[in-house]
Amino acid sequence: MSLHVLYRPGSLFFWLVGLLALLLTVAIAGLNAYQQLQHEQRLQQQQRSYYLSRLHQELNATLDAVQLDVMRLATSPLLTRYLQQPQPADLELLQQSYLSLARLQPDYDQIRFINRAGQEVIRINRLASGDPYIVPAAALQNKADRYYIREGMRLGVGERYLSPLDLNVEQGEIEVPYKPMLRMVMPVDQPQREGLVVINYRGHDLLQQMGSALPSPLQPLLLNDAGQWLLGGGSRDWQFMFTPQTGLAVEMPAQWQQIQQQPRGAVAAGTDCYVYEWIRYGDGEMNAPRWLLGLNEPGRSCSALQTHYFQAGVKWTLYGSTIVIILLLVWYRTRLRQFHLYQRIRSNEQQLRLITDEVGSGLIMVDRHGCTQWMNPEAERLLGWTEAELHDQVLHPLIHVTLSGEDAHADDCPMLKALSSGERQQADREFFRTRDGRSLPVHTTVTPLPNGQYAGGAIIAFNDDSEHLAEETRLRRQAMTDELTGCLNRRAVLQVLDRLLLALDRQPGVVLIDIDFFKQVNDHYGHAAGDRVLAYYAQEVRDLLRANDSFGRIGGEEFLVVLETAHAEHLLQLAERIRSHFDAIRCPVDEHRLHVTASFGVAIHQPGESAHALLARADAALYLAKANGRNRVELAVAEEAVAAG
Ligand SMILES: Nc1nc2c(ncn2[C@@H]2O[C@H](COP(=O)(O)OP(=O)(O)OP(=O)(O)O)[C@@H](O)[C@H]2O)c(=O)[nH]1
């Protein structure tokens, strides 16, 4: 009957579980956001690498073509022959071949062969229309003071030199419109240094191609080794040609520091993000400047992804936490309800226990097998057993007995009937064996239990019926007893006779006793004295009878003795014994001692004879005794004898 709960709502355990769930949610949201971020970062990295490599390829492809041409010109057999034996015809052939190349490559602004003294030997220029032409010998200049000539002369055999990318300067002035220019130089060695082949490459197309290599809104970036803008800086492009102190070193020194230290990376530039990579064209035989190649992601900060996923992480953490908190609240509410319910059940249980403790009936609960599960104090008191002693004991064979104290049959057990039928059983009179072996009369009701833990079991409610039984017995006895004399009354003694007549193996006999002249006792001593006489002689008769004999008062001063089995002689002897006893004794009434006699009519039952006929014959014998002088015994004659007489 006791209930248990594991924990209260709001207990430490509850909040620990809640906290754990919250932490778990935050951890899952965080981990998820972190994994997503990593995935996105990988994708972003791949995308950036891809776009950078496209720019790089664009640059390489263009410069490879220039390099191929400069190498072809520098190692030309015709040039070798001319240098060994200078012939005007070979010079002209060389000029024509340079001119042809210039026609094929419109981006080649100039193609020159310059001797080791820095003097131009062959020079192809372009007109404003773009058509190439051979610069006449008179217009050829000495370029020994130019930086690219000095750089070229310092190269080893087979090496090349690529100049920085800058704007073309003509006669000390920056040519307008701007003409971005690269110079690729390769020495000519036969085997000693004879001079240099120089191709001036116009970078305009290359920069344009790089500009269109990226999808919008990405923009290519190209800066020189000093961080000065060549491409992608808008108005800052080529600014260094006019003002040397420009570029990233000036614009954003902190980021420039980082850029210089890292071969590749990304830096924030205002609201933009610059993704960069340091590159250098060519292999080990190419002496080329370092460039900063990059792409600009306008309007997108470098930490956009982290910010996005941080915000997503925070958002999902908030969502998750909200859901967890709602679930916790729902859980808390449910637990609270359960707890209140539990408290109510416990309080009901306590009330029920109080009620069952205080109730005047014994209560026993059995399970479906009839085994005791619980009993109240009254049941313990009535039976003398404790709950612990009877717990799980099969109840019926232990306590259910018959009136005579023998074990009751299972078919007659109301508890077993209720368990098997599921119907309430009521029994007005059963007997339970107490612990000390007494038979306790009980009034019992057995109610099956339909639901709950003990479904299929039953509650046995019983009350001590001892007093009721005693009262019943007293009333029954009273109903059979003659109040005045204490012997059986007329109805009871005649019932005894009727019952005996039904038993075939018996031959009952009767003695009818009538006190003589009783009227005179009444008349002389009073009615109360008469009563006392009646009681006195009735007791005297009782004393002379055996236990099996029945004795009752059937009329005013008339009594009947019924013997279960009798012979005429035996019956006559009994009647005579009573008669002589009456005659011999005196009944004390006040100061008097009364001598009272009686007359007796004796009859033996004849087969088939009714009680009425038997009594009629006894009455006839009594009448005869009265008629013959009273204080005597007369045996009734048999029916045939009466008929014969
Ligand atoms: N005191 C008392 N008298 C009773 C009781 N019942 C009947 N009587 C009286 O018993 C008397 C019976 O009288 P009778 O029938 O004439 O018989 P008797 O006087 O005994 O005469 P015999 O039977 O012929 O010897 C009556 O006076 C009744 O009133 C009783 O319970 N108590």
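**Helix pair**

I started with how H16 and helix H17 (residues 568-584) pack in this predicted model. Their axes sit 10 Å apart, and the angle comes out at about 140°. Roughly antiparallel would need an angle over 145, so I put H16 and H17 down as oblique to each other. I also checked the handedness: H16 passes H17 in a right-handed crossing.

**From H16 to the ligand**

Next I asked which element gives the largest share of the shell around the ligand. H16 does, with four residues. I then listed the elements that each supply at least two shell residues: strand S22 (509-515), helix H15 (518-525) and helix H16 (527-544).

**Who is in the shell**

I have 16 residues around the ligand, and those that come nearest are Phe518, Asn522, Asp531, Arg553 and Arg630.

I looked at what faces the ligand's oxygen atoms. For Phe518, a polar backbone atom is 2.8 Å from an oxygen atom of the ligand. Phe517 also uses its backbone: an N or O atom there lies 2.9 Å from a ligand oxygen. With Lys626 I found a side-chain case, a polar atom 3.0 Å from an oxygen atom of the ligand.

**Burial**

Last, I wanted to know how much of the ligand's surface the protein buries. Taken alone, the ligand exposes 660 Å², and I noted 67% of that as buried by the protein.

Technical notes:
Residues numbered from 1 in each chain as written. Predicted model: local features only at pLDDT ≥ 70, side-chain atom pairs only at ≥ 80, totals over all residues. Heavy atoms only, no water. Near = heavy atom within 4 Å. Polar contact = N/O pair within 3.5 Å; in protein donor to acceptor, adjacent residues only side chain to side chain. Areas by Shrake-Rupley, 256 points an atom, 1.4 Å probe, with all protein chains shown as cover. Axes fitted to C-alpha atoms, helices over the stretch in contact; angles between N-to-C directions. Parallel < 35°, antiparallel > 145°, perpendicular 65-115°, else oblique. Left-handed = near helix turned anticlockwise from the far one by under 90°.
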